[in-house]
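Student: I'd like to learn how to read a structure feature by feature. Could you walk me through one?

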Amino acid sequence: MGSTAQLIFEGKTVELPVVTGTEGEKALDISKLRQETGLITYDPGFANTGSCKSKITFMDGEKGILRYRGIPIEQLAEHSTFVETAYLLINGELPTRKQLNRFSMLLNDHSLVHEDMRQFFENFPRRAHPMGILSSMVNALQAFYPELPERPEEEEINVTFARIISKVRTMAAMSYKISRGHTVIYPRHDLTYAANFLNMMFHTPVRPYRIDDDLVDALNLFWILHADHEQNCSTAAVRLVGSARVNLYAAISAGICALWGPLHGGANQAVIEMLTAIQKSGGDIAPFIARARDKNDPFRLMGFGHRVYKTYDPRARIMKKTCDKVLAKLKLHDPLLDIAKRLEEVALKDSYFIEHNLYPNVDFYSGVLLRVLGIPLNMFTVMFAIGRLPGWISQWKESVDDPDWKLHRPRQVYIGPEKRDYVPIEKRR
Ligand code: CMC
């Protein structure tokens, strides 16, 4: 018999089962709490709420650990590719060579976007944010491609997942080309997933794009680091929307909307905007630190702090090292990287940041890497979205297969007016 905790409320003692995870994490099972006591829990932002059991990603925010399906992020970053990592997340195991070839083939086979969808892209205003476009287009996929039936065959599942992972990448590059008024470049069968993306983004009929293996490796690494992060805001959105049994495209589209926010995936764009503002103001960091410390100023140091990590984000460590390596290899220099490093040095010694456990997160250095790849600023969060697809898909799959699955429907503590009568309009003051 597992351990239990006791809760004493209004003289009555109730036993609450304790659920223990593989890594020793403990959680109180409160699923019968209301039935037995009339109480619900109150947890703004769900900071202490485990919404599911999951076998996908483990993170320890105190120790700075991140593992996909048990494998440390550092090992995947060094040895894997994004496609292999996607397979691992979705299927639970690293693929054999045959399985990987088959998965790559599926990605290739489903890389084209229905030609009728091009008109949609063309009719968005030029200033439209690519994240808004992407979420709309992913939702629209449901009108063009079959939804998964209630009890799908394995092949139908594989094709649907490959279709999303492949087409979202194609649509991202397509939206960039159309926003610039350039010819859309189609995916090529002979290129890997990441090389294909760079080619679709930067090849033009007048200037062929030269694929650089270092940049392809950097992009693979960027996407691997973003591939999953357990129950973050966008993944929770995918699970929540998916729990109504809506089609997968709609659930992923909801995840894209959540990711757009500057407190979540939108932070990578916000970091570069902040570093640019520091540069334009003459490079003095002190006023920005002072603003971040000021309780009356809503300004936050973007790329710093995390709900779970109370130490250095392991992804930020890898990202920073990679920026140095890639810039050195390409003999490039980015003054924003210098500013970022100075900012980090000052912040990590500052009492406010120490007391609040604020360390660089994944977004702090990722923008520098995206700049090296030539990605325009307004596409940064789209890059995060492409990377997060395997995470969203695997979490969605896990949730629909979960025997404990339930429609997500939190409760609330109502603090509005007590019962009162309707007042006819002529009597209102
Ligand atoms: N700059 C200044 N103060 C901060 C920051 C920051 N970046 N982050 C948190 N704080 C302070 C906050 O003001 C609060 O102070 P106090 O307790 O004195 O009122 C305290 O730290 C706790 O903040 P919180 O917002 O309650 O904590 P949270 O766990 O909800 O915050 C966060 C997580 C990511 C929303 C927050 O750290 C933040 O806004 N960071 C900047 C945006 C950012 O970089 N987001 C990317 C997150 S990583 C990528 C991803 O997974 O999406």
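Student: Let's start with the ligand. How far is an oxygen atom of the ligand from an N or O atom in the side chain of R307?

Tutor: Keep in mind that this is a predicted model. For polar contacts, look at pairs of N or O atoms within 3.5 Å. Here the distance between the R307 side chain and the ligand oxygen is 2.9 Å. The side chain of K295 also has an N or O atom 2.9 Å from a ligand oxygen, and a polar backbone atom of G303 is 2.8 Å from one. As for cover, the ligand taken alone exposes 930 Å², and the protein buries 76% of that.

Student: How many residues surround the ligand, and which are the closest?

Tutor: There are 21 of them, with H264, R300, L301, G303 and H356 the closest. By residue type, the shell splits into 10 nonpolar, seven polar and four charged.

Student: On to salt bridges. How many does a search of the whole structure find?

Tutor: The general idea: side chains of opposite charge can pair when their charged atoms come close. In this model the search gives 15 salt bridges. One of them joins E23 and R67, whose closest N and O atoms are 2.9 Å apart. That pair links distant parts of the chain, since E23 sits in the loop between β2 and β3 while R67 is in strand β5, 44 residues apart.

Student: And which residue forms a salt bridge with D324?

Tutor: K341, with 2.7 Å between the closest N and O atoms. Again distant parts of the chain are linked: D324 belongs to helix α14 and K341 to helix α15, 17 residues apart. You'll also find a network of salt bridges that links E115, R118 and E122.

Student: Now accessibility. Why does S111 count as buried?

Tutor: Buried means under 20% relative accessible area. S111 counts as buried because its relative accessibility is 4%. You'll find S111 in the loop between α4 and α5, where a polar atom of its side chain lies 2.9 Å from the backbone oxygen of N108.

Student: What about I415, buried or exposed?

Tutor: Exposed means over 50%. I415 has 80% relative accessibility, so it counts as exposed. I415 is in the segment after α18, and together with Y42 and V413 it forms a nonpolar surface patch of about 420 Å² accessible area.

Conventions. Residues numbered from 1 in each chain as written. Predicted model: local features only at pLDDT ≥ 70, side-chain atom pairs only at ≥ 80, totals over all residues. Heavy atoms only, no water. Patch = residues over 30% accessible without salt bridge, like charges linked within 9 Å, V, L, I, M, F, W, Y side chains within 5 Å. Areas by Shrake-Rupley, 256 points an atom, 1.4 Å probe, with all protein chains shown as cover. Salt bridge = Lys/Arg side-chain N within 4 Å of Asp/Glu carboxyl O. Helix = DSSP H or I, 4+ residues; strand = E, 2+ residues; numbered from the N terminus. Buried < 20%, exposed > 50% of the residue type's maximum accessible area, 1.4 Å probe, protein only. Near = heavy atom within 4 Å. Polar contact = N/O pair within 3.5 Å; in protein donor to acceptor, adjacent residues only side chain to side chain. Nonpolar A, V, L, I, M, F, W, Y, C, P; charged D, E, K, R; others polar.
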